[in-house]
Amino acid sequence: MALINVAAREIHGKIVYYGPGLSGKTTNLQYIHSRIPAHTKGELLSIETETERTLFFDFLPLDLGKVHGFTIRFHLYTVPGQVLYERTRVAVLNGTDGVVFVADAQRDRLADNLQSLRELAQNITAQGKRFLDFPLVMQYNKTDLPDALPTPVLDRYLNTIKAPRFEAVAVTGKGVFETLRAISKLVVNKL
Amino acid sequence: MIPFDRALSNLVVTEEDTAQITACLQRLIADSGASYSMVLDRAGQILAWESDSIRPEMQHLGALLAATYASTREMARLLNEDGFRTLLQEGLREKIFTETVQDDWLLVVIFDHQAHLGLVKVLAKRATTVLSGILDLVRERSMQANQTPRLAQVRKATTDTIDLLFKDDSSGTKDPSSK
């Protein structure tokens with residue numbers, strides 16, 4: 001739920017990067033943090049395991065500056081993707097205004113992508129929101145890998161709702177900012 | 001208590017709301033001897049805060065506390081509980097006491113050894129009653145028709161800012177399909 005604080009002249013939005021384990025959610029935030037102007041970003045907070053898998057969430061606050069007297073802030077989060085952390089994902093999704101679904105484009109991850117997407121739809125619906133109306137952007141990550149499925153195949157299985165979608169190679173940054181632009185605009189247009 | 005519309009997409013907090021919430025927090029801090037207090041929404045965003053010093057780490061703390069509370073809510077579901085209403089974290093120098101306000105907001109109080117935990121709990125309880133009334137009105141107003149006519153301008157200008165700030169520095173393929 002976007003927060004419009006008239007007294008403080010601030011508008012806050014929460015965006016969550018969702019998807020199966022090791023799909024590239026954290027990599028997206030790390031790339032954004034490494035490239036975005038310093039005055040726009042806060043510290044990237046990561047709560048992770050010893051093997052650098054996300055345990056709770058990653059958090060990156062962005063400050064877009066003043067727009068018509070209002071300071072626009074986005075809080076970017078990732079969820080832990082491993083199956084074990086299903087309930088943690090529900091917790092992190094609390095109050096979210098938009099979701100980027102990061103799918104792993106590799107052939108053998110299709111089932112994991114589908115399971116994760118199904119779970120996302122259930123979790124959004126459980127929050128009392130209509131999934132079809134919810135700000136959602138799809139990102140097909142790791143499209144550079146030799147066993148990556150073709151985009152039309154991924155579309156057929158993962159994007160039947162025709163959400164905006166982007167091919168990406170998050171480790172190099174390809175598609176990362178396009179994805180962020182798209183979800184940010186969807187969230188803003190919901191204000 | 002006004003039932004929460006879970007499809008509510010915006011929460012609009014006016015100057016008057018913020019002034020009332022801040023006054024409540026000021027009283028809480030003054031009476032309890034705490035050093036910092038804030039009200040968060042369930043997304044971890046700070047509605048209002050009051051402190052005896054500048055604490056730049058509070059943005060991250062808000063995100064962590066909200067996620068932690070949401071996590072404890074899931075724990076409660078597993079235990080067939082309605083929820084855990086309070087959370088206490090004790091450090092060597094400071095403690096953090098968190099209490100829910102109508103399940104949708106959190107009152108956070110940070111204090112050191114100069115404040116007594118029992119007193120903080122009692123006064124926090126009193127504050128949540130006051131905050132509950134204020135936040136009911138915030139929610140009710142937010143459910144009504146859009147009260148901020150400037151939002152259309154803000155939306156347009158913000159999308160321009162997004163294009164400027166989130167510039168690509170590597171190529172990507174975009175799908176023309178949209179919702």
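Predicted model: local features only at pLDDT ≥ 70, side-chain atom pairs only at ≥ 80, totals over all residues.
# Chain B sheet, chain A overview

In the hairpin formed by S2(B) and S3(B), 4 residues lie between the strands, and B:Gly44 there takes a positive phi near 95 degrees.

Two of the pairs can be named. B:Met38 stands opposite B:Trp49 in S3(B), and B:Val39 stands opposite B:Ala48 in that strand. On its other pairing, S2(B) meets S6(B), again in the antiparallel sense, over 6 bridges. B:Met38 turns up here too, with B:Val108 as its bridge partner in S6(B).

How many of the 6 residues of S2(B) are buried? The count is 6 of the 6, so S2(B) is largely enclosed by the rest of the structure. In a regular strand, side chains alternate between the two faces of the sheet. For S2(B), both faces are covered. On one side the buried residues are B:Tyr36, B:Met38 and B:Leu40, and on the other they are B:Ser37, B:Val39 and B:Asp41.

Now the whole sheet. It is an open sheet of 5 strands in chain B, in the order S3-S2-S6-S5-S4, with antiparallel pairing. The edges are strand S3, residues 46–51, and strand S4, residues 86–90, each of which pairs on one side only. From one strand to the next, the twist averages 15 degrees.

Helix H1 of chain B, residues 15–32, packs on this sheet. H1(B) touches strand S2 (36–41), S3 and strand S6 (105–111) of chain B, and its direction makes about 35 degrees with that of S3(B). Helix H3 of chain B, residues 117–143, lies across S2, S3, S4, S5 and S6 of chain B. The angle between H3(B) and S5(B) is about 35 degrees.

The next element is helix H2 of chain B, residues 58–78. At 1.5 Å a residue, its 21 residues should span 30 Å, and the end C-alpha atoms are 30 Å apart, which agrees. Is H2(B) largely enclosed or largely open? Of its 21 residues, 15 are buried, so H2(B) is largely enclosed by the rest of the structure. Just after the helix, B:Asn80 takes a positive phi of about 60 degrees.

Moving to chain A. This chain has 5 helices and 8 strands. Along the sequence the pattern reads β-β-α-β-β-β-α-β-α-β-α-β-α. What does the radius of gyration of chain A say about how compact the chain is? The value is 16 Å, close to the 16 Å that the globule rule gives for 191 residues, so chain A is as compact as a globular protein of that length. Taken along the principal axes, its C-alpha atoms fill a box of roughly 50 × 35 × 30 Å.

Some totals for chain A. Of its 191 residues, 64% count as buried. Among contacts with a separation of 6 or more, 69% come from residues 24 or more positions apart. The chain exposes about 7100 Å², with carbon and sulfur atoms supplying 52% of that.

Two local details in chain A remain. First, helix H4 of chain A, residues 151–158, has as its buried residues A:Thr151, A:Val153, A:Leu154, A:Asp155 and A:Leu158. These pack against strand S6 (98–104), helix H3 (110–126), strand S7 (136–141) and strand S8 (165–168) of chain A.

Second, A:Arg109, which is found in the loop between S6 and H3 of chain A. Is A:Arg109 buried or exposed? Its relative accessible area is 15%, and the cut-off for buried is under 20%, so A:Arg109 counts as buried. Which residues does A:Arg109 touch, not counting residues up to four places away in sequence? They are A:Pro20, A:Gly21, A:Leu22 and A:Asp104.

That is where I stop.

Key. Residues numbered from 1 in each chain as written. Chains lettered and ligands numbered in written order. Heavy atoms only, no water. Pairing = 2+ DSSP bridges. Axes fitted to C-alpha atoms, helices over the stretch in contact; angles between N-to-C directions. Contact = heavy atoms within 4.5 Å. Rg over C-alpha atoms; globule rule 2.2 N^0.38 Å. Buried < 20%, exposed > 50% of the residue type's maximum accessible area, 1.4 Å probe, protein only. Areas by Shrake-Rupley, 256 points an atom, 1.4 Å probe, with all protein chains shown as cover. Expected span 1.5 Å × (residues − 1).
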